Amino acid sequence: MDRNIFGGYDNETFPDLQECDSTIASRITTSMASHNVVSSQPLMNNSNNNDSDHSFSGNRRPIPISVIDRDHFAFSFHSPINGLDLMRNVDQLIIQQNSDLSDLLANTENRYTVKIPTRENSEVIYYATESSTQYQRMCFGSARAFNMRLYDRTDQEAMSFKRRLGCGYCTFCFHLQKLEVWVPPGELVGTVYQKWKPFQTSFEVCNRHEQVLYMIDGPDSFACCHKAEIFHIYTSDGSTQIGTIVHQWDPVSVRYQLLLQMPSSITDNRHKALLLGSAFLVEYMFFEGAQKKVCLGCCC
């Protein structure tokens, strides 16, 4: 017994003490890890060139994610490898325009934040900035062409949207709206096309191979006469509704915002990027002009 007291103890005599020591050591390790930040991430294999959402080329700075956040992800926690990875396990996104009085008076380029509403304090995952010409903003208003770049929390570009100058469907049924979704370093993810339908707004969401992934239907009226509040997302055949794009009022920020609701069954982050691009196109066609009244006309 004396040897066990001063020199240690054996497993047969004190089995409970060994289990207690293991528990204490585990808690100490977890406590120390909670103050660290993931600073290293696996490098991408550039030899694989497929449609997977892990085919980014080149080296990127690691995205700092606190280990404390593991509690919010439960068993699905992972360290993001690229900007699209921030949308993993996400089925709702909020698009909110950032504007002040000077932006409204000067008709400047738009700035947005993309948030996850289901997490604490609506976690911001992207910052979006528009790039367009003053001429197009003044002459074509919300129908203008632009490049929209979305940056993650490391200030690196996660994706970009390229919209051409197009017509609406009130007057013309050709050269309609089109928005492309790109990821660095210049890879096309897919395209959102406006499809002409009489008395209805409709879009097709296609991958880079021009295969239709989703369909989006809007209001049963003219775009310039009715500001829709909800758009329905359907499967590629249009038979099943799987999500919505809702224009709603946020009492916290005291402004309107877009809520993108996607099915949890979508595991490919590239598909989520395409639906996010669709939501931005809807924002410009229907709601962007409502916040900036300097627009000279509708998107017809």
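This is a predicted model: local features need pLDDT of at least 70, side-chain atom pairs count only at pLDDT 80 or more; totals for chains, interfaces and linings use all residues.
Visitor: Among contacts in the chain between residues at least 6 apart in sequence, what percentage join residues at least 24 apart?
Guide: Residues are numbered from 1 along each chain as its sequence is written, and side-chain values use heavy atoms, leaving out hydrogens and water. A contact means heavy atoms within 4.5 Å. Among contacts between residues at least 6 apart in sequence, the share joining residues at least 24 apart is 46%.

Visitor: What is the average pLDDT of the chain?
Guide: Let's start with the share of residues that score at least 70, which is 62%. Averaged over the chain, the pLDDT is 76.

Visitor: How many strands does the chain have?
Guide: Helices (H or I, at least four residues) and strands (E, at least two) are DSSP runs, numbered from the N terminus. The chain has 6 helices. Its number of strands is 12.

Visitor: Is Thr 113 buried or exposed?
Guide: Thr 113 sits in strand 2, which covers residues 111–116. Leaving aside neighbours within four places in sequence, its contacts include Ile 94, Val 124 and Tyr 126. A residue is buried under 20% relative accessible area, exposed over 50% and partly exposed in between (1.4 Å probe, protein chains only). Thr 113 has 8% relative accessibility, so this residue counts as buried.

Visitor: How far apart are the C-alpha atoms of Ser 202 and Met 215?
Guide: Ser 202 lies in strand 8, residues 200–207, and is buried with a relative accessible area of 1%. Not counting residues up to four places away in sequence, Ser 202 touches Ile 216 and Asp 217, among others. Met 215 is 13 residues from Ser 202 along the chain, and their C-alpha atoms are separated by 7.4 Å.

Visitor: Which kind of aromatic pair do Trp 249 and Tyr 256 form?
Guide: Rings of Phe, Tyr and Trp (its six-membered ring) pair if their centres lie within 6.5 Å; planes under 30 degrees apart count as stacked, over 60 as edge-to-face and the rest as tilted. By this rule there are 8 aromatic pairs. The ring centres of Trp 249 and Tyr 256 are 5.0 Å apart and the planes stand at 75°, so the pair is edge-to-face.

Visitor: What angle lies between the planes of Phe 286 and Phe 287?
Guide: Phe 286 and Phe 287 are both buried. Their rings form a tilted pair, 6.1 Å from centre to centre, and the angle between the planes is 45°.

Visitor: How many disulfides does a search of the whole structure find?
Guide: A disulfide is a pair of cysteine sulfur atoms within 2.5 Å. Cys 139 is partly exposed, at 38% relative accessible area, whereas Cys 206 is buried, at 3%. Across the whole structure, the number of disulfides found is 0.

Technical notes
pLDDT is the predictor's confidence in each residue, from 0 to 100.
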